[in-house]
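This report looks at helix packing and at aromatic ring pairs, with the criteria stated alongside each description.

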Amino acid sequence: MGRTRDEVRRARWAVAAVFAVHGAVTGSFATRVPWVREHASLGTGRLGFALAFTAFGASCAMPLAGRISHRFGSRTALRGLLALWTLSLVLPSLAPNLYTLCLAMFVYGATAGMADVAMNALGVEIEQRLGRSIMSGLHGMWSAGALIGSAGGTLAAHLGADARTHFAFAAAVLTLLGTVACAWVLDVQPAEDEEPPPRFAPPPRSALLIGAVGFCAVFAEGASLDWSAVFLRDRLDTSAGLAAASTTGFMLTMAVARIAGDAVVNRFGAVRTVRAGGVLAGLGGVLVVVAGHPAVAMTGFALMGLGIAVVVPLCFAAAGHAGPNPSLAIAGVATITYTSGLIAPGLIGGVAQATSLTVSFCVVTVLAGGLAVFAGVLRTAGGGARADSGARAAAVPDPRA
């Protein structure tokens, strides 16, 4: 039993490393979006259209992740899907026009979504075996990885490095790190008589309001992640290095808040934590909208990252207490929130094309501030207003059950 416990603990850190690698790919790409746009000779609207193919690719491919894990086992599936995701980082930098960039973003989104599903499923499995919450920490590791990736991208942009060289180097390093980490994750095999997971299950009504809260947070996250650098370049005419630094600042506050999130929730409860976060995120959005100086906009993006960081883990916890089927509720919330993050960049580009990036971030500000208004839906019958992290391990069921 002790050996099994040690193996699970080791697997926890291995999955944490996988989360960090996944985040590093996202951070690397986000800081070089202005370079990708210029290389493909695109305007704001066409860039948004191309980024929307990330959501299209993920929507098509995410249902396949469960079946791949069922067919090959969790370790082999995660190793392969993570490698596809890290290597796909190279593709956007090779696209010379709109059509090839759309194709590149489709593959980028498809591999991102499948790897995301596989690693989160393993995170839930380990959380159950340990009997305590680890998901907030795992998402904190994702943010830490994104921060490292964005820091590397900021340095590359500051040095004027070609993104093709930058992405090729980053993809090689991250593929190696991911492959090594996957050697230590749990190898969960399905029972012989276990049916493959369904391709699609509509979310129950109990998950819709909770999912709507997560939607607002993840929309603000996706918009800030992919458009903060472009905002500073276009609106405030900053250098490429300073624009990339705004993305890094956003990721830094996200990482710090997620790592510290459990302690805050234990002290103040889920509802008050999310309400305070909504106020901070709304204030950050206002600073971005009215910014006349790069420092003001960068402060705004940092405050948005701080405010929205812990919302999604708390949504999952609340879903675990909602309705007679917690597993289906959590799956529904995950579908709503992750879809929000995938469609946000494209929608921001569309609104910016029709109006301006300032108007786009007015929309983001309203959604972020709405967290303070609708935080009450995270009150759960099982956990009251707190829905604290200590209840999360029991609240998150095995998604394969």
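## Packing of α4 and α6

Helix α4 (residues 74–87) and helix α6 (residues 98–130) pack at an angle of about 150°, and their axes are 8 Å apart; axes are lines fitted to C-alpha atoms, for helices over the stretch in contact, and angles run from 0 to 180 degrees between N-to-C directions. The residues in contact (heavy atoms within 4.5 Å) include Leu 78, Leu 81 and Trp 85 of α4, together with Tyr 108, Ala 112 and Met 119 of α6. Helices are DSSP runs (H or I, at least four residues), numbered from the N terminus.

## Basis of the model

The model is predicted, with local features needing pLDDT of at least 70 and side-chain atom pairs counting only at pLDDT 80 or more, while totals for chains, interfaces and linings use all residues. Residues are numbered from 1 along each chain as its sequence is written, and side-chain values use heavy atoms, leaving out hydrogens and water.

## Aromatic pairs

The structure holds ten aromatic pairs, where rings of Phe, Tyr and Trp (its six-membered ring) pair if their centres lie within 6.5 Å, and planes under 30 degrees apart count as stacked, over 60 as edge-to-face and the rest as tilted. Phe 56 and Phe 106 form an edge-to-face pair, 5.3 Å centre to centre with 65° between the planes. Phe 56 lies in helix α3 (residues 44–72) and Phe 106 in helix α6, so this pair ties together parts that are 50 residues apart in sequence.

Ring pairs also link Phe 29, Trp 85, Tyr 108 and Phe 167 into a cluster.

Note on methods: Helices (H or I, at least four residues) and strands (E, at least two) are DSSP runs, numbered from the N terminus.
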